[in-house]
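Hi everyone, thanks for making time for this.

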Amino acid sequence: MMKYVAEIAGDLVLGGLMMVHERGEASTCGPIMPQGGVQALETMVYTLQYANAHPTLLPGLKIGAHILDDCDKDTYGLEQSIDFIKGKLRLNNKYIAFNNNISVVRSLAYAAPRQAMAVSEGSISNIDDGEYQCPDGTSPQIRNQVNQVISGVVGAASSVTSIQVANLLRLFKIPQRRFVRERDRPPKYVAEIAGDLVLGGLMMVHERGEASTCGPIMPQGGVQALETMVYTLQYANAHPTLLPGLKIGAHILDDCDKDTYGLEQSIDFIKGSISNIDDGEYQCPDGTSPQIRNQVNQVISGVVGAASSVTSIQVANLLRLFKIPQVSFFSTSPELSSKQRFEYFSRTIPSDEFQVKAMVEIVKRLGWTYVSIIYEESNYGIKAFEALEGLLAENNICIAVKEKLKKDSGVAKETAYDTIVQRLLSKERAKGVIVFGSDQEVAGVMRAVRRMNATGRFSWIGSDGWSARSLVSDGNEAEVEGTLSVQPQANPIRGFEEYFLNLTVDNNKRNPWFTEYWEHKFNCKFRESPLTLYNQNYERQCTGREPVSRSNTQFEAQLQFVSDAVMAFAYAFKDMHREKCGEGFRGLCNKMDPVDGTELLKYLRNVQFDGLSGDRFQFDEQGDGPARYRIIHFKQVTRGRYSWDQVGEYIGNQLRLNMSALQFRQGAPSPPSSICSLPCRDGQARKYVDSEARERCCWHCFNCSTYQVVDPGDDTECVTCRLGTLPDVTHMRCEPLPEAYLRADSSWAIGAMSFSAAGIVLTCLVIAAFIRHVDTPVVRASGRELSFVLLYGILLCYAMTFVLVLRPSDVVCGLQQFGIGFCFSVVYSALLTKTNRIARIFNAGKKSAARPHFITPASQLVICSLLILVQLIVSFAWMWTTPPAAMYYHPTPEDNLLVCKASINASYMVGFAYPILLIVVCTVYAVLTRKIPEAFNESKYIGFTMYTTCVIWLAFVPIYFSTANHVALRITTMSVSISLSASIAIACLFTPKLYIILLHPERNVRQSMMSQKYSQCSQVRTNISLSSQQRIDSGTQSDADIELDKLRVCPICSARNNGHTGSPRANLRHQIQYKPMANGPLQNVPDVQL
């Protein structure tokens, strides 16, 4: 996008970095930002006007401004800030002194990366005074006078942009930092190798220092890494076909494992690329371009390093401004995978994203659910911790202690490490500790463990930053024992160990730090070497011939990544040379002089080769190395002898761990327990100690009650099993209860069905007897039609037992709901009709001799049918409003009764209500007809039937409702009660008739229907002369006529019953009259007719 500058001339110029525009999506900058952008810019201008107009603040001076827009984007702000370093400043002093009286804009503390480079462009000369010269030896002039020295910078608004810009401005000593004095800095050494194409190298040759910038020498990750780069360059340059006619050189620096110092050192890498900022920035008086005075400052084509992630981030922000590709070998921070911010950064080692996953998988494999985390205060540690925290939570693993190791803010004191160990000891159940840090910091932790007498209390899961490093394990073997560590899979470099073991101080002059390494390794001092904080106590003098062997030299396990980084550049140069210079061209062609960093990056990302370790290498889509890890284990092989052994690997998100090879302590192969609370037993739920915590691993256990199980979805709750189920023996799940209903093969059902079957057989025999003797007086006198209706009702009562013992279903429940009321209504409707007829006949006979209405058989059947119809209406209405259905009934949690819906409450009373009414009415009629003459003793039997029935049902009702939990007993009680009612009816009503029909057929005549006490009336009948035409043959009489004849032969009885006195003849004469009958000729009837 178009670059605009708000410019104000002045004697002293301030840079300004404002977020005039918002961050854009499709483009770098978005819409204008009125308040935080434009208003902030105008506030700066307004304040400058005030300061310049003040009469005493800056007399004779004017403050100018060079204000840029960062679009609220750190990378763009860093690019813009190149303007701040363009002006050439010539000072005799190494430090820029600022007039304390110059007041920067009050209350506006803005600083941003890209815009800050605008300030530092005026300070390029501070890197190396006299960098450029004209052919006549004079200094060149600045073409664009705008590029004057920027005295200070106001901005940026965004914190992330300010961080980026501050790191750039401090390199050019523009205010915003505290300067380190020259005496505190180590002497600057460079390992130099001449070549046509030069690679920069940034190694952590020294540890981070406490009192000074750099600490003691770092043998493995520093010196050995540097020598690996040199060794690989020798191999590449000696290869006959890799780079024909070309030689790769090197410019290797030490960053002392400190990001700020490493960023200062990396200024060397951009000296040859300054022209990339603004081509033609300088010119000589004759108009020609100046030449570089010191040819050492040639263009750096690419940079190998840094080792530390935090240093790589700082250096990557600088190198991207000059389009210099960078390949790191040990930087594993996931943040560096973002190509929007670090597009020129690549690495041969995989991202910590995969390392974190591998560590979590190890924790899971060991069965740990409660661990502590120690991480270093750097981008490497913080980003790893963030990823660890999320992954552990996803896998229900809790964090007991979170401790941060001091790194970026300086070197921690020993008491700080003691505090960390005390915090670890406060969570005694958390035996497992994940340590994500560098060797220097982790070594301090191990020393604190020994001081706190905590050796053996913890088992460590280590990151690649400290595992297999002698700095940690040497002297701390007992504390480190049992460590499981994740390291990017690396194999030894062919020939390197022999090469390194043959190096001496005499034959390795190109490494300026090798003398210091030698003194550190053998605790001696060369006579000519300068005195340092670390060799001043060595009393023995070095000879340079001290024995070096594998036994006294420990090699860094990950040197393959250093070699792969160098080989990646070599193959990228090869591919670029073949395409730019042509096949077969030897030497460096013009198209590669200098190397275009953007084009080189394209070739670099596409390289594929077999490295010196034998592994195939290529970058992934993020510019990271392949994710291959090995799991190493530090254990005591024999007493007093320790070693790091490989026990597994993590490739493709799959962990393979040899558990049998683990030994956390001598003679203790099993991993220690690292859990906060033991798992609850079956049937116990958890009550978490801290229910608000994201991870919950500490709890108390409590038992679920009798009818509860542990909630499958929430182990903190006990839930009651739904009705129809009960907890299993473990109280972990609910199991369905078996259905409980009266089964046909049960003893209860067999008993009930046997009783009913006997009743059915007996009823069928009675029906058969009645059918056979249907025209006999006994049958006719009992009312044939109603008797058959009664028998069929009794048959239905017996049949209901078989319906009741069926497995309940909607159909069966419908039959029960209809049948229990219907069968009784048939029986008692017939009985009611019969008793009603008898009562009406006798009542009518007391009042007149007229024949009562509706006493014919047809009338009786109609009346009975109407009574039954009432029950049908009630039953169908009941079934319409309450459809029959089978359901599970649970009177107690332990019951699962399969019943009909109507049986679980008083609903059956709806079906029984009408039959009960019939029973009550029948009983009333039975009481009313109890004094009927003995010849009409059927009413007595009906009465006895009704009394017994009432007793049965009075006993049944409480039994039925008190056996709700016992299905078999309840149904059996109901079926037996129904069958008993039917049996009483058949026994009381039909046994006397069957007795005469079957055992005394001679009495089955009309005369036998009369009682013996009325035999005196027979003489009266013989004296009365009645023609045979006036009598009706008994064979043609109806059943009702037979009932009437019983009274016609006994007027005396009637007279007595009506209160008459006198002689029988007189009474008879008084009462007898002739009256035509409705069904035939005149016949003699008494005054009282039935």
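Let's start at Asn523, which is found in the loop between α15 (514–522) and β24 (524–525). Keep in mind that this is a predicted model. The phi of Asn523 is near 55°, a positive value in a residue other than glycine. Most residues other than glycine have a negative phi, and most peptide bonds are trans. Asn523 counts as partly exposed, because its relative accessibility is 46%.

There is another case at Ala468, in the loop between β22 (459–462) and α12 (470–473). Ala468 is not a glycine either, yet its phi is positive, about 60°. Is Ala468 buried or exposed? With a relative accessibility of 9%, Ala468 counts as buried.

Now for the peptide bonds. The one from Gly305 to Ala306 is cis, with omega near 0°, and Ala306 sits in the loop between β16 (300–304) and α7 (309–319). The bond from Asp593 to Pro594 is cis as well, again with omega near 0°. Pro594 belongs to the loop between α16 (559–580) and α17 (597–605).

On to charges. Side chains of opposite charge can pair when their charged atoms come close. How many salt bridges does the structure hold? There are 32 salt bridges, and I'll show you a few.

In one of them, Asp72 pairs with Arg23, with the closest N and O atoms 3.5 Å apart. This links distant parts of the chain, 49 residues apart: Asp72 is in the loop between β5 (63–69) and α2 (74–80), and Arg23 is in strand β3. Asp72 counts as buried at 17% relative accessibility, while Arg23 is partly exposed at 48%.

Next, Arg451 and Glu414 meet through their side chains at 2.8 Å, N to O. Here helix α11, which holds Arg451, is linked to helix α10, which holds Glu414, and the two residues are 37 apart. Arg451 is partly exposed, with a relative accessible area of 37%, and Glu414 is partly exposed with 31%. Together with Asp418 and Arg447, they are linked in a network of salt bridges.

Finally, helix α18, residues 747–772. At 1.5 Å a residue, its 26 residues should span 38 Å, and the end C-alpha atoms are 37 Å apart, so the two agree. Its buried residues include Ala749, Met753, Gly759, Val766 and Phe770. What do the buried residues of α18 pack against? They pack against α19 (777–781), α20 (784–804) and α25 (967–999).

Thanks, and I'm happy to take questions!

Key
Residues numbered from 1 in each chain as written. Predicted model: local features only at pLDDT ≥ 70, side-chain atom pairs only at ≥ 80, totals over all residues. Heavy atoms only, no water. Helix = DSSP H or I, 4+ residues; strand = E, 2+ residues; numbered from the N terminus. Expected span 1.5 Å × (residues − 1). Buried < 20%, exposed > 50% of the residue type's maximum accessible area, 1.4 Å probe, protein only. Contact = heavy atoms within 4.5 Å. Salt bridge = Lys/Arg side-chain N within 4 Å of Asp/Glu carboxyl O.
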